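Welcome! Let us take a short walk through this structure together, one stop at a time.

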Amino acid sequence: MAKKKQDEFIERQIIIGAIVSTKFMERLFPIYNQDYFESPEAAKIAQWCVEYFRHYKRAPGREIALIYESKSKRIEDKDERDFIEGILDSLSEEYENMADTFNAEHVLDKTVEYFKIRSYKILSDELRAASVNYDAGMGDTALNNYNKVQATMTESVKPFTDEQLIARAFDRVEEPIFKFPGALGRDINDQLVPGGFVSFMGPEKRGKT
């Protein structure tokens with residue numbers, strides 16, 4: 001019973017993060033797997049958030065209510081529909097209050113740990129089935145298809161294709177820490193700023209220092 005409560009708690013935290021935190025979604029997206037959820041209702045809500053993030057590159061926030069209104073029409077089981085609605089209703093005030101205080105890094109660490117445990121459980125079940133059926137091929141397939149859960153370190157940037165990033169780089173002009181005169185100055189003064197990097201290269205003992 002204690003484990004079930006623990007699973008419900010972390011899945012609730014994952015759902016809150018997926019709804020309110022774009023930062024959390026950026027890190028969750030690469031490791032997300034719907035099978036890692038114990039609760040099928042939590043898995044559905046998380047999947048909606050992932051689909052929204054894939055399209056809009058941000059967490060849905062309050063728009064989760066509109067998403068539910070649209071998606072619920074396809075849920076034939078009334079009990080399941082009512083259960084998901086109850087979850088979202090119980091979260092509504094909580095995630096609105098947590099939007100600015102949600103600790104994305106902490107919950108991400110817990111999510112990675114939880115997903116790892118769930119992935120081990122799924123793999124264990126598949127290997128057990130291979131053993132029971134005396135089917136080595138089934139076991140090989142399970143091992144070959146297993147993907148290690150590993151959080152991305154940071155969000156990546158594409159400096160040569162991200163137009164907004166390029167524009168920001170050229171818009172920002174900083175005063176050089178010091179300036180060289182003449183042609184040398186015209187070539188490198190703009191790089192002699194905080195955070196800039198300049199390397200002088202040449203044969204030894206030629207006056208670089």
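Leaving aside its neighbours within four places in sequence, which residues is E175 in contact with? They are V193 and P194, where contact means heavy atoms within 4.5 Å. Before going on, please note that this is a predicted model, in which local features need pLDDT of at least 70 and side-chain atom pairs count only at pLDDT 80 or more, while totals for chains, interfaces and linings use all residues. Residues are numbered from 1 along each chain as its sequence is written, and side-chain values use heavy atoms, with hydrogens and water left out.

E175 sits in the loop between α8 (163-171) and α9 (182-188); helices here are DSSP runs of H or I with at least four residues, numbered from the N terminus. E175 is exposed, with a relative accessible area of 57%. Exposed means over 50% relative accessible area, and buried means under 20% (1.4 Å probe, protein chains only). The C-alpha atoms of E175 and Q191 are separated by 9.4 Å, and the two residues are 16 apart along the chain.

Now for the core. The largest nonpolar core has 40 residues, and I19, L28 and F115 have the most contacts inside it. Such a core is a set of buried Ala, Val, Leu, Ile, Met, Phe, Trp, Tyr and Cys residues joined through side-chain atoms within 4.5 Å. Elements giving two or more residues to this core include α1 (2-20), α5 (78-98) and α6 (104-132), but α3 gives the most, with nine residues. Beyond its neighbours within four places in sequence, L28 is in contact with I14, A18, L108, T111 and F115.

Our last stop is E41, placed in helix α3 (residues 40-56). Not counting residues up to four places away in sequence, E41 touches E80, F83, I84 and I87.
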